[in-house]
Amino acid sequence: MIVVNDISEYVEQYRTFDEPVPYNGLYIYPVKVIDYYKFMSSIDILKIDKNKIPDIRVIQMSYLTFLLGIIVESTWHRDKFINVLELCFHVQKDDKCLNEKFPFKEILLGHIDNKEVYFINGYDVNIELDGNVSTLNIGDVKIAGQDFNEVIDIIYFLNITGYDNEEMSDDFKALLEEYYRLKNKNIKPPTLEEQLIAIMAQNGMTKRDLINETIYTVKGMVDVIVGVVDYQIQHNYRAHAMTDNKLPDIEHWLIKSNKGKYDDVFSDLDSFKKNFEA
């Protein structure tokens, strides 16, 4: 059994080489650009804030148990979950697991050893429910409900740049949301198409090359391109600036300063408010 003390560091050693991350008999795969829209429209199924639901039973249950209740009731959420299974675990339709009396992807309830077992029709996937204790079964691999949150973190660290699984208070979450709202005010994020075109313009790669790269790698390419261009522009400005005032230091696009994760939040928030909400 793998015991992970720092999930980010654990994932990094596999993500660097676009390899799947092993976790207790399961392999969790990085998602490629060709599947970007399918993935990004589905990944939120793993991050519903159940603790904001005013029901003590929901708050106390594991996320896997909560998720089971959602996918049983909602085909829309079920499709999202199946998309994640297909993209992140390479689960495929299995005719041996298909009961033709029922629709494909239907949730079928069975009982084994006094446990409720919820099968996804056509997939070798089920969720066991023993009282309030849930277990996700993918083939012969069992993921306990208490370990499912680690699986979610691995998926995010493997595919989403800037992901942070650090626990924080509601007040600090609100502070972060305010910071990013002000920081990104009046900024239109580039679409995936625009990002791919920017990379092709810079390094000559083709779109066919890029669609087989991972989402994480392509986002990293874009960040480097932006960082290099910004760095060059700022250096040119400094070289020709007609001022005796000390200009702010320029951070290198690759060699970053060793500062705290949220230092910029506290140093920039007041200035953002003055600039944007004056």
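## Charges over rings

Lysine 47 sits over the face of tyrosine 156, 5.4 Å from the ring centre. Another such contact places lysine 93 over the face of phenylalanine 104, at 4.7 Å from the ring centre. The rule here asks for NZ of Lys or CZ of Arg within 6 Å of the ring centre and within 35 degrees of the ring normal.

This is a predicted model, where local features need pLDDT of at least 70, side-chain atom pairs count only at pLDDT 80 or more, and totals for chains, interfaces and linings use all residues. Residues are numbered from 1 along each chain as its sequence is written, and side-chain values use heavy atoms, with hydrogens and water left out.

## Aromatic pairs

Rings of Phe, Tyr and Trp (its six-membered ring) pair if their centres lie within 6.5 Å; planes under 30 degrees apart are stacked, over 60 edge-to-face, and the rest tilted. By this rule there are six aromatic pairs. One of them joins tyrosine 36 and tyrosine 37 edge-to-face, at 5.1 Å centre to centre and 90 degrees between the planes.

Tyrosine 36 is partly exposed because its relative accessibility is 22%, while tyrosine 37, at 55%, counts as exposed. The cut-offs are under 20% relative accessible area for buried, over 50% for exposed and in between for partly exposed (1.4 Å probe, protein chains only).

## Helix α5

Eleven of the 15 residues of α5 are buried, so this helix is largely enclosed by the rest of the structure. Among the buried ones are His77, Phe81, Leu85 and Phe89. Histidine 90 follows α5 with a positive phi, near 55 degrees. Helices are DSSP runs (H or I, at least four residues), numbered from the N terminus.

Methods: Helix = DSSP H or I, 4+ residues; strand = E, 2+ residues; numbered from the N terminus.
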